[in-house]
Every structure is written in structure tokens, then in C-alpha cells.
Amino acid sequence: MLSRRKLLSGFLAGTAISVLPATLRAQTTIAPSAALIRGSGLSGDVGFVVADLRTGQVLESQGANTAMPPASALKAITSLYALENLGSQFRFGTRLIATGPIVGGIIQGDLILAGGGDPTLGTDDLAGMAKQLAARGVRGVAGRYLTWSGALPYTREIADDQPIHAGYNPSLSGLMLNYNRVHFQWKRAGNGWALSMDARGKTAQPPAYTAKAAIVNRAKPLFTYSDRGGIEQWTVASKALGRGGSRWLPVRNPAAYAGDVFQTLARAQGIPLPGPQSISRMPGGDVLVTQASDALSPLLRAMMKYSTNLTAEAVGVTASARLGAGNSLAASGKAMSAWLGARTGARSARFTDHSGLRADARIAPGDMVTALRVLGVPMGLRRLMKPFKLRDATGKTMKAQPFAVDAKTGTLDFVSTLAGYMTAPDGTELVFAIFTSDLAQRRRNRGHERPAGQRDWVKRSKILQSQLLQRWAAVYGV
């Protein structure tokens, strides 16, 4: 087994290098990595490392020690952080708590909807909780109906440079519902539109009274947002609506949203509740109903598959809390950086979140590869990753490929990343990280929802990623 010092000795910043024997290099006609990068037409920076998974020997690298934005590839590190500090069987829990006894079907005290930081809590889960509460014989409450969201620190949005209506950039809170998104739907009705805002589940679709939308006769901006008296107010440009459609909008007052929806669902079970009130301190009481999330491993697998930002932030902040650190999202990112440094010796990690949605997060490709190998292998990270499909020279997904790749992708405006594992045709296992970014273009286009040239730039990056993987499979899998 190579030491980490020897492993890192193969990392050279700048020029792509190969440590293959000269005879083997002479036998291949595969284009060198440097030629592939030049031919990609990409602006900005490219950094990568590919290493033998078993020995840790670095096979090729460029900019291995240069810290770059990982985008959603950061979720791989977050998964390792959560697995080590929470355990694969950890579950989030949402509770209904009574501060007094039940007498004649009435709670003699307050009823509390207490969040446990579950990012996957859905409307159908709350409906099930209301049904269980009714099965306990509860028919009302003598005191107040309260919500508690203090299990996680409130964060209004994950990143401050995303479009205001981006459903992937909601608030973080200890009480969350539907990934902190509300379902907005519109359709033509006479000379106007019929609008609805609801907490859509598979079986239940209660209206969301904490969010409202109005159509405004304009072309831009597409959406505006304001919070008035606890009601989230959206306006939508009429020129962009067409005849009908729907989308999920982010929620900024998640405890009020979840509390409102549960009130409606409880009423449907014959349990009228007063209006929800938020509390900052949890009083004592008896737990009447508990809703548990999936175990951490399948939760992380779904997070990796769908790149769910809110799940990454929730598990990351919860892991930091287990370590006694991270009373804010920024502090939690810092705690994860320190953890990675302590566990692998990584010096480049500067995390500001756990999802990679923030473009100011940084890690070098070399440190990413070390983490995937040193921590990812014993923790079974590859099993949680999504199979990656290669792209051809036109950017289209290949119908067949002769080797397996399991990896986490990441995409921001003018940032594209890929990190994971591959098995070459002969069975050789490699670990890699490929980071590309043009931060100058990103800064110039800040605030633009669809920056000019962004789609073509990302397409070029993804083609380059596939070309590098094909090269490595051909050259090192022999």
C-alpha cells in the first residue's frame, strides 16, 4: 500500500502527465489528455486526477492541487461525512407531541408538530401522521397548535446567486415539507388564468394557504417574490405562461408551510386545530406519533441520483451537529472541511455548503480522489453512486459502452464536474475526478438565468469528460 505522501507525489499542477512505462505509451494511439483538452474548445480551467484504486498510484493528473468548485460532486464528500458521523442506519424523525394528557379525545395542553430535520418529509407522510393521531382517539386540542423547527439552523436559501424561483434553492429548516417547495399550477380560464398553490403529494393535494401567486402583464422578470405578513407572494410574467403548466417554487417560511398543511390534513381526519404558531424552544411532552425517514444509505443513494440539494444540506448540518459544530450552514461547511483534513490530510477543502450549489466551495481534484479512495472504498460509496453514461463527440449519450462508471456529476453556470470510480474492460479499477470551470464567464453572467454560451460550454465539458474516461479505460485497462 502506498503512503499518502507517495500517492500525492504523482500530483503535478499544470501539464497532464503519464507515469505509464514508455513501451506501453508507445503501443497506444489514444490521444494524450493534453490533446483532448486542447481539442475540447473549453475556456477556463481544467483539472483532473486518475489513480489506480487498489494501490493509489496516480496515473495522470493536471492541476491536481488547484482548488476548484466541485459543484454537486461535493455531495460525494457530504455522503462520506454523514455516513461516518451518523451511521448508515440513521433516520430523521418528525413527531407529534402533546404537552398534556388526552381526556375525552381532547389534548389537555398543546399539540406540537416537531421537525427533526427530515428533508424528505412529504405531504403524504403528514397525512399518515394525521391519520395515526386520529387513531389515538384525538379529536381536538384544548391549548395551542405549535410548530418547532429548531433541529436545524434556519437558512433562507442555500446560495444567493440563483434565480429567485429556483426550486432547487429553498430554505433549510428543522421542519421541512416537499423539499421546501410549493406546487404552482396555471391554466387558461376565459380571458385569464386559473391559479393554484398546493402541497402536492401522490395521494393528498391540500392547498397551501401560506403562498399566493398573481399574474402580471409583463415579459420580464419571469417571477418576483415578497413576504407579506407571513404569506409568500409570487407574481408571474403573463408573457411566459402559455396556455398552462406547473412548476415547484421554493418555500422561504418552511415551518409555517408545514404547519398550515398539517392543519388541513388533521381537519380532514376530524381533528380541528387552531392556527399554527412557531416556537423556538421545545417543551416537554408525550410523543403521540413519529414519522421516520428512510435509513441514511438509501436516502443518500436517492440524493446522489437526483442531486437533491436540500438532502445534502440537511444530512451535512445534522452530521456537524453530531460533532458539536455547525450552528449555521457556513459553519457546518467549515466543520466538514476540517473533518476531511483530519481524515485524509486534505489541505484544499474550503466548503461553504454541503450540496455544492454555492460556487465559492473549493476542493482540489487530488484531494477529491484521495477522499473517494481512502474513505469511499471502506464506506461503500460506489454503491450509492449513479451509473454514468458516456457521451459521443456530438454530446449524445452512447447506446453502449465497454466499461462501467459510477460517479457524481456537478453542474453550475460555467462549472462542470465528475468524480467517481470506473472499471476498465480488463477489470482494472480506477478512481478519478475531473473539474472544469470558467469563473470569469460565471462572474460576468451573474444573475442571468440562461447565460449565453452556457449550454454549449457544459456540453463541451461533458464530451471532454467522456473522452478522458475512454482514454483511461484504453490505456490503463490493459
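Helices (H or I, at least four residues) and strands (E, at least two) are DSSP runs, numbered from the N terminus. The model on your screen is predicted, so local features need pLDDT of at least 70 and side-chain atom pairs count only at pLDDT 80 or more, while totals for chains, interfaces and linings use all residues. Residues are numbered from 1 along each chain as its sequence is written, and side-chain values use heavy atoms, with hydrogens and water left out.

**Stop one: a cis bond.** Select P221, in the loop between β12 (211–216) and β13 (223–228). The peptide bond that joins K220 to P221 is cis, with omega about -5°. Most peptide bonds are trans.

**Stop two: two neighbours.** Next, select Y179 in the loop between β9 (145–148) and β10 (181–189). Y179 is not a glycine, yet its phi is positive, about 55°. Now pick N180, in the loop between β9 and β10; N180 also is no glycine and has a positive phi of about 55°. Is N180 buried or exposed? N180 is buried, at 0% relative accessibility, whereas Y179 is partly exposed at 27%. (Buried means under 20% relative accessible area, exposed over 50%, partly exposed in between, with a 1.4 Å probe and protein chains only.)

**Stop three: a helix pair.** Finally, select α7 (residues 296–306) and α8 (residues 309–322), which pack at about 140° with axes 9 Å apart. Axes are lines fitted to C-alpha atoms, for helices over the stretch in contact, and angles run from 0 to 180 degrees between N-to-C directions. Show L296, L299, L300 and M303 of α7 with T311, A312 and V315 of α8: these make the contact (heavy atoms within 4.5 Å).
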